[in-house]
Amino acid sequence: MSVVVGLRRALSESVSGLPRAFWWLWASTLVNRLGAFVATFMALYLTIDRGYSASYAGLVAALHGLGGVVSSVGAGVMTDRLGRRPTLLVAQVSTALSVALLGFVRDPVAIAAVAFLVGMASNASRPAVQAMMADIVRPEDRIRAFSLNYWAINLGFAVSSAAAGFIAEYSYLAGFLIEAGMTLVCAVLVFVKLPESRPAEPEERGVAGSGAAAVSLWSVLRDGRYMSVVGLSFLVAVIFQQGYLGLPVAMGEAGFTPADFGMAIAVNGVLIVVLQIPVTRFIEHRDPRLLLVVSSLLAGYGFGLTAFAGSVGVFALTVCVWTLAEIVNAPTQTGLVVRLSPVHGRGRYQGVYTMSWAVASLVAPLMSGFVIDHWGSEWLWGICAVVGTVAAVGYGALMRGLGDETSVTAAGEVPGPAAKAADDGRVGAL
């Protein structure tokens, strides 16, 4: 009984004190991920259902990533100029339409072109979501909030991955249409429940000397420490992308079915659902430098172990290793990004950070397709181990001397009306 009471208290402490607007944003994220299909099963759709090569599947996935690269910075600027809510609405409606279209096109050139559009649309919402979350959540609660949001992503992913594996065996088109419908539901939720959270400009509040007007894309690119974080994030993202690119292709070539891959990759979501909250409580006030170093090594060598997998069970075991890296890396990395971003430049800073993952989505499939086709999947997993080691060394060197989260805040951060309103709407639990 004491264990149950302790778990309830831990859960209550993990979700209490966050604003109501955060939970609506959290719910939107959950609904979106419950309908996720395209990114997870695109490689299997192209190689098994459509009969294309691993290289072509890698090219299409790369174009999907290129679309994300194009939209990342533009969406960051939109987030700062037009607002978080309009950017989210445009991104989600566009994603729904392009995903539905992708299910109907058959020509290889058309598939590649629409995949590029899907990448643009789906990636455009990320800077807005992260900026809105930073707007409405107090600095001391952000690691917890980012962790809970990541938990929602993987709760949806755990359900959708297992279900989508069986849906794929029945009809890939059904999967595309389900994702489009769920994305439209997210757009409706944002339109009805989420207010704009963009802080008022300093001139409107009479705040002088904040330097907000000087925040531009050039300002972001000249921020050496921040761009170093972006570069290291790119290396880690390249590794994690292999769970949805290299891994399904390698399993398919080894004779495993889409359902086998779905069950193996679902372990990722299930573990995050089970462990994200307790692990976050453990790491919340620990040295982010150590956390990022350890998570980079776990990611690299977790995928490295895939070279020795020969059954669904062993594949699932390797997924467990790199999933632990995700659990630690995601909230820590996102918290660091917000910490280094000035409040009136959050959209642009988040856009550039999102671009690191988008560029990884472009590079990773090209790398995995080429390596698997020419040298075999074992070489791919060895490269992942090397990249993870390089990222770990980079984080260790970059973050030496960086202060505690509690003593360093974003430059120029002043709570705006939206943040104050959100604070008034705090709820005790979900």
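## Close-up views of a predicted model

**View 1. Helices α5 and α9 pack against each other.** Helix α5 (residues 84–102) and α9 pack at an angle of about 165°, and their axes are 8 Å apart. The structure shown here and in the other views is a predicted model. An angle over 145 degrees counts as roughly antiparallel. α5 and α9 are therefore roughly antiparallel to each other. The crossing of α5 past α9 is left-handed. On the α5 side, the contact is made by R85, L88, L89, Q92, V93, T95, A96, V99, A100 and L102. On the α9 side, the residues are F176, L177, E179, A180, T183, L184, C186, A187, V190 and F191.

**View 2. Helices α15 and α18 form another packed pair.** Helix α15 covers residues 288–304, and helix α18 covers residues 377–398. Their axes come within 7 Å and cross at roughly 175°. α15 and α18 are therefore roughly antiparallel to each other. From α15, the residues at the meeting point are R289, L292, V293, S296, L297, G300, Y301, F303 and G304. They meet W381, C384, A385, G388, T389, A391, A392, Y395 and G396 in α18.

**View 3. Aromatic rings pair up, among them W26 with W151.** The structure holds 13 aromatic pairs. W26 and W151 form a stacked pair, with 6.1 Å from centre to centre and 25° between the planes. The pair links distant parts of the chain. W26 sits in helix α2 (residues 20–34) and W151 in helix α8 (residues 142–170), 125 residues apart. Both W26 and W151 are buried. Ring pairs join F22, W23, W26 and W151 into a cluster.

**View 4. Y45 and F176 form an edge-to-face pair.** The ring centres of Y45 and F176 are 5.2 Å apart, with 80° between the planes. Y45 lies in helix α3 (residues 38–49) and F176 in helix α9 (residues 172–193), so the pair ties together parts that are 131 residues apart in sequence. Both Y45 and F176 are buried. F176 also belongs to the α9 side of the contact with α5.

**View 5. The largest nonpolar core has 78 residues.** Those with the most contacts inside this core are F37, L46, V60, L102, F176, Y226 and L247. Helix α12 (residues 224–241) gives the most to the core, with 9 residues. In soluble globular proteins, nonpolar side chains tend to be buried together.

**View 6. Y226 and its contacts.** Beyond four places in sequence, Y226 touches V220, V337, L340, S341, Y349, Q350, V352 and Y353. Y226 is also one of the residues with the most contacts inside the largest nonpolar core.

**View 7. L340 lies in a loop between two helices.** The loop runs between α16 (312–339) and α17 (346–374). Leaving out residues up to four places away in sequence, L340 touches D223, R225, Y226, V229 and Y349. L340 and V229 are 111 residues apart along the chain, yet their C-alpha atoms are separated by 9.6 Å.

**View 8. Q350 is buried in helix α17.** The relative accessible area of Q350 is 1%. Buried means under 20% relative accessible area, so Q350 counts as buried.

Methods. Residues numbered from 1 in each chain as written. Predicted model: local features only at pLDDT ≥ 70, side-chain atom pairs only at ≥ 80, totals over all residues. Heavy atoms only, no water. Helix = DSSP H or I, 4+ residues; strand = E, 2+ residues; numbered from the N terminus. Contact = heavy atoms within 4.5 Å. Core = buried A, V, L, I, M, F, W, Y, C linked by side-chain atoms within 4.5 Å. Buried < 20%, exposed > 50% of the residue type's maximum accessible area, 1.4 Å probe, protein only. Phe/Tyr/Trp six-rings, centres within 6.5 Å; stacked < 30°, edge-to-face > 60°. Axes fitted to C-alpha atoms, helices over the stretch in contact; angles between N-to-C directions. Parallel < 35°, antiparallel > 145°, perpendicular 65-115°, else oblique. Left-handed = near helix turned anticlockwise from the far one by under 90°.
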